[in-house]
Amino acid sequence: MRVSFTVNGRHETVDDVWPGESLLYVLRERVGLPGSKNACEQGECGSCTVYLDGLPVCSCLVAAGQAEGRRVRTVEGLADGDRLDPVQEAFVECGAVQCGFCTPGLLVQAHDLLERVPRPSDAEIREALAGNLCRCTGYEKILDAVRLAASRKAGGE
C-alpha cells in the first residue's frame with residue numbers, strides 16, 4: 001500500500017508499505033529519520049515517541065497506514081533549522097543525555113508537557129515522563145533539564 005503523510009512539515013509518500021509495518025519503521029528505515037529509537041516494540045519504553053496530529057504516541061504501536069493524511073512530528077522536527085528547541089538545549093546542558101536511547105522520547109514528552117503546562121511542578125514532570133524508561137541517568141538530570149527548559153521558555157533565565 002502507499003502511505004502519504006506530513007513529517008516535520010514536509011510531505012512524504014512511501015510505497016509498498018506492508019499492513020503490519022509500524023510508523024516507527026517507516027520513519028526510521030524509509031523516510032530516513034532515525035531519531036526515534038526502537039527499543040521494546042511494545043509501547044513500554046517510550047523511546048519511539050513522536051507527535052501524531054499533535055499528540056504524543058508510541059510510534060512502534062501505530063500501524064504505518066494509520067498515518068495516512070496525518071501530521072507527524074519527530075524529535076528531529078523539534079528543532080527550528082539549526083537552532084535546537086529549548087528542551088533539547090537543556091538536555092545537553094544538564095547532561096541528561098547519556099547513551100541517548102531514551103532521549104528522543106523524553107524530549108518529545110518534555111516538549112509536549114511544556115507546551116501544555118509552562119511551569120510544571122516536579123510531580124507533573126514525573127507524571128508526564130512516567131512512560132519513558134531510562135537505564136542510565138537515574139532521572140535527576142532529566143528532571144533538571146525539564147526544569148531549566150521550563151524556566152527559559154517562561155522567560156526566567
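1. The contact of helix 2 with helix 3 joins V87, Q88 and F91 of helix 2 to T103, L106, L107, A110, H111 and L114 of helix 3. By class, the residues of this contact comprise six nonpolar, three polar and no charged. The model is a predicted one, and the remarks below should be read accordingly.

2. The geometry of this helix pair may be stated briefly. The axes of helix 2 and helix 3 lie 9 Å apart, and the two helices pack at an angle of about 130°. The crossing of helix 2 past helix 3 is right-handed.

3. The largest nonpolar core of the model contains 25 residues. V87, F91, L129, I142 and V146 are the residues with the most contacts inside this core. At least two of its residues come from each of helix 2 (86–94), helix 3 (103–116), helix 4 (122–128) and helix 5 (140–153). Helix 5 provides the largest share, seven residues. V87 and F91, which are among the residues with the most contacts in the core, also take part in the contact of helix 2 with helix 3. As a general background, nonpolar side chains in soluble globular proteins tend to be buried together.

4. When residues up to four places away in sequence are not counted, I142 touches F91, A96, L106, L129, C134 and T137. Of these partners, F91 and L129 are also named among the residues with the most contacts inside the largest core.

5. Two residues call for attention on account of their backbone. Most residues other than glycine have a negative phi. E41 has a positive phi, near 55°, and is found in the loop between helix 1 (23–30) and strand 3 (49–52). E41 counts as exposed because its relative accessibility is 54%, and the cut-off for exposed is over 50%.

6. D53 likewise has a positive phi, in this case near 50°, and is a residue other than glycine. Its place is the loop between strand 3 and strand 4 (55–58). With a relative accessible area of 30%, D53 is partly exposed.

Notes:
Residues are numbered from 1 along each chain as its sequence is written. This is a predicted model: local features need pLDDT of at least 70, side-chain atom pairs count only at pLDDT 80 or more; totals for chains, interfaces and linings use all residues. Side-chain values use heavy atoms; hydrogens and water are left out. A nonpolar core is a set of buried Ala, Val, Leu, Ile, Met, Phe, Trp, Tyr and Cys residues joined through side-chain atoms within 4.5 Å. Buried means under 20% relative accessible area, exposed over 50%, partly exposed in between (1.4 Å probe, protein chains only). Helices (H or I, at least four residues) and strands (E, at least two) are DSSP runs, numbered from the N terminus. Contact means heavy atoms within 4.5 Å. Axes are lines fitted to C-alpha atoms, for helices over the stretch in contact, and angles run from 0 to 180 degrees between N-to-C directions. A crossing is left-handed if the near helix is turned anticlockwise from the far one by less than a right angle, and right-handed if clockwise. Ala, Val, Leu, Ile, Met, Phe, Trp, Tyr, Cys and Pro count as nonpolar, Asp, Glu, Lys and Arg as charged, and the others, Gly among them, as polar.
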